[in-house]
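Please look over the sequence and the model shown here. A short report on selected features follows.

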Amino acid sequence: MSQSPLLPKLFSMLLCCWMVSPVHAADEDIKTLLKALSQQMTQLQSQVDRSNSRIEQLEQELQHVRAEQVAVNKPVVGNTVQATTAAPTKVAGVSASPGPITDKAKEKPPVTVGDVKGTFKIPGTDTSVGLGGFVKMDTLFNSVSAGRDRLGDQQLAMSQIPVGAAGERGQVAFHAKESRLWFKSFTPTSDWGDINTYMEFDFYGDPATYAYTPRLRHAYGSIGHFLAGQTWTTFLNVAALPDTLDVGGSAGALTSLRQPLVRWTEPFSWLGTPMEWQVAFEAPRSRLWVDTALETSSSKSTNPNLDAAYYTTPNADRYPDLIARLNLNPDWGNVSLAAVGRQVRYTNGTTGYRQAEWGGGVNLAGRINTFGLDNIRFMAHYGKGDARYVSTNNTFADAALDQYGAIELVEAYGGMLSYQHWWDKQWRSSVTYGFAQGDYPTYANTVLSHQVQSVHANLLWSPVSQAMLGVEYTYATRELIDGRDGVLQRVQFSAKYSF
Amino acid sequence: MKTLYLSALVLILSACSQNNQYAHLEGGRSQTGQPALHAVRDNRLHELMDRMDSLMQERFMTEQQLDVERRKYSRQIGEAARDLAANVETMIAQLPRLQLNAVEQTTFLALAGKLREEMRQLQQLAEQNHIDAIPDSLHEINTTCTSCHALFRKLGG
């Protein structure tokens with residue numbers, strides 16, 4: 001206690017003052033002052049004693065809680081920050097027994113904010129990790145059902161729009177399959193650039209209406225400019241995808257293509273415009289229409305609603321799909337031009353008969369800012385032998401093989417145009433139109449899909465950034481080679497809550 | 001299909017016919033009737049911040065792609081803040097034309113200096129990618145702008 005030695009000094013000074021003063025009238029005042037000071041000192045000492053007693057009691061309680069946690073083998077990570085920042089210390093001048101628990105708590109590094117938004121650092125490392133996702137509930141009123149346990153009732157699947165009398169009229173579907181969970185990490189390195197990892201899941205793993213099987217959407221890592229793993233194909237400009245409630249997306253948009261790939265991205269600047277080029281090798285997968293003279297299948301069925309059953313996927317590919325892309329990223333939006341080159345290959349599983357043909361295509365896509373937050377999004381693509389990229393969910397085949405085994409590439413093209421308008425910071429709408437077409441050789445089955453079109457119009461409300469409620473109207477058509485078509489009208493209500 | 005094409009056209013046209021939501025932000029008009037340069041750049045800052053906020057509604061980009069977009073907007077906010085800070089000197093150069101008395105001149109210069117310092121801080125936050133701190137910084141800048149306009153806009157004509 002530093003106050004104690006002051007008392008004699010103070011007393012001496014007051015005594016001197018009293019002695020040199022010609023007047024002794026202040027005598028009583030000084031005595032009163034000393035008495036008051038003495039009382040205050042007593043009170044302070046009492047307060048210090050009570051505080052130290054309370055600290056010792058809390059230390060004992062903390063020790064007891066930690067012992068219990070160790071006993072049940074539970075980590076104490078959640079208490080790390082508090083234990084470190086609020087570690088009890090004794091009031092000066094009062095002895096206290098040093099607690100080993102307090103020292104241990106001080107040794108533990110605190111959990112700190114990560115280098116990227118929404119992350120925290122793993123204690124003792126430079127790695128920032130983050131976890132997030134959203135819950136999304138979709139309620140769909142379909143003018144016609146795609147059929148029992150089919151994806152087409154849960155999202156727009158062009159190839160499953162019924163043609164003819166098939167499908168229940170006025171069907172309703174409820175599901176929360178688009179709900180997602182993601183994990184990401186970020187680790188800076190001094191020599192090779194940043195290391196990023198990312199994984200994302202949803203629950204579309206099984207098209208059965210009431211099955212909620214997790215599905216891997218993304219799983220990739222990158223160091224510097226090199227990325228490897230499963231994610232959006234390089235052929236697709238994700239920023240150009242329209243803001244639809246329907247996760248199936250618009251006709252003419254390369255929506256559902258996520259596949260394993262390796263990719264190099266090189267940023268550069270040209271005339272003051274930030275740009276980058278990308279080169280990727282991606283997983284090949286040839287989808288073929290094969291005449292029944294070559295192998296037994298449903299390829300020549302007259303039923304117009306067989307979806308993928310007309311096609312064969314031999315898994316006999318020998319070369320990866322090669323994709324190159326150029327991105328322009330000016331302040332007013334972004335535009336990309338991508339090209340794909342690939343070999344479409346057929347191998348008969350029984351006879352070993354082989355056919356292959358090289359094909360490719362180009363895709364121009366972008367998002368251009370207009371007024372305020374409004375923007376236009378677009379895609380336009382053309383190719384021969386790249387139909388797998390051109391429209392979603394088995395709509396077209398890459399190539400066809402006739403009864404003699406000759407292979408011919410399918411010419412496929414399409415486009416999408418979307419305008420997003422923000423009524424204010426909470427309300428927004430998008431209107432989207434898209435189409436895609438596949439031109440088959442004349443010998444192909446005439447019940448194959450020839451052209452698909454769709455219109456989406458929605459109104460979405462986000463009262464806070466983590467919540468969104470919306471309604472969307474969809475009008476979509478599928479036209480066969482023989483000229484028949486099917487129409488789907490849908491009203492979809494969605495609620496989405498992010499975390 | 002004619003119905004389909006027609007409905008698509010009508011929907012697109014109706015979406016295009018709308019007002020600029022940032023019109024209400026355009027203060028600080030100069031004597032030419034056009035928004036003053038610093039007001040235009042201030043609006044640019046708000047627009048960039050709104051664009052960054054709107055990324056929360058994206059659900060097709062991966063989180064890491066969103067981080068790249070956030071960094072892009074953060075860089076643009078930093079550039080806009082730098083331009084606006086440089087514009088403060090132009091505002092100070094207007095001082096003689098305003099015919100202020102000594103006390104008013106001192107206040108004007110103090111507010112201009114405060115704005116310059118706030119812009120410098122905003123630029124720093126944006127360059128260091130401290131995205132979460134940017135809204136508060138923008139709010140402080142707004143307060144300074146509003147104070148200055150309330151005190152001097154009538155005087156400046």
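Chain A holds an open sheet of four strands, in the order β11-β10-β16-β17, with mixed pairing. Its edge strands are β11 and β17 (407-409) of chain A, each of which pairs on one side only. Strands here are DSSP runs of E of at least two residues, helices are runs of H or I of at least four, and both are numbered from the N terminus. Two strands count as paired if DSSP finds at least two bridges between them. In general, strands of a sheet pair through backbone hydrogen bonds, either parallel or antiparallel.

Within this sheet, strand β10 (residues 288-290) of chain A pairs with strand β16 (residues 399-401) of chain A in the parallel sense, over three bridges. W289(A) stands opposite A400(A) in β16(A).

**Ground rules**

This is a predicted model: local features need pLDDT of at least 70 and side-chain atom pairs count only at pLDDT 80 or more, while totals for chains, interfaces and linings use all residues. Residues are numbered from 1 along each chain as its sequence is written, and chains are lettered from A and ligands numbered from 1 in the order in which they are written.

**Confidence in chain A**

pLDDT is the predictor's confidence in each residue, from 0 to 100. Chain A averages 85, and 85% of the residues score at least 70. Among the elements of chain A, β12(A) has the highest mean pLDDT, 97. Helix α3 (residues 77-85) of chain A has the lowest, 37. Over residues 74-99 of chain A, pLDDT stays under 50. For that stretch the model has 31 contacts beyond four places in sequence. Two residues are in contact if their C-beta atoms, placed from the backbone, lie within 7 Å. Where pLDDT is low, the predicted coordinates should not be read in detail.

| Residue | Other C-beta atoms within 10 Å | Class |
|---|---|---|
| D149(A) | 13 atoms | partly exposed |
| N315(A) | 11 atoms | exposed |
| L459(A) | 15 atoms | partly exposed |

D149(A) lies in the loop between β2 (128-144) and β3 (169-175) of chain A. Its phi is near 50°, a positive value in a residue other than glycine. N315(A) sits in the loop between β11 (311-312) and β12 (321-328) of chain A. Phi of N315(A) is near 55°, again positive in a residue other than glycine.

L459(A) belongs to strand β20 (residues 449-461) of chain A. Not counting residues up to four places away in sequence, L459(A) touches S429(A), G470(A) and V471(A). L459(A) and E276(A) are 183 residues apart in sequence and 34 Å apart in space, C-alpha to C-alpha.

Chain B has six helices and zero strands. Along the sequence the pattern reads α-α-α-α-α-α. Of the 157 residues in chain B, 27% are buried. Among contacts in chain B with a separation of 6 or more, 64% join residues 24 or more positions apart.

Which chain B elements give two or more residues to the side that touches chain A? The contact takes 30 residues from chain B and 34 residues from chain A. On the chain B side, the elements are α1 (2-16), α2 (37-54) and α3 (63-93) of chain B. By class, that side has eleven nonpolar, ten polar and nine charged residues. Nonpolar covers Ala, Val, Leu, Ile, Met, Phe, Trp, Tyr, Cys and Pro; charged covers Asp, Glu, Lys and Arg; the others, Gly among them, are polar.

Definitions and conventions
A residue is buried if 20 or more other C-beta atoms lie within 10 Å of its own, exposed if 12 or fewer, and partly exposed in between; C-beta atoms are placed from the backbone.
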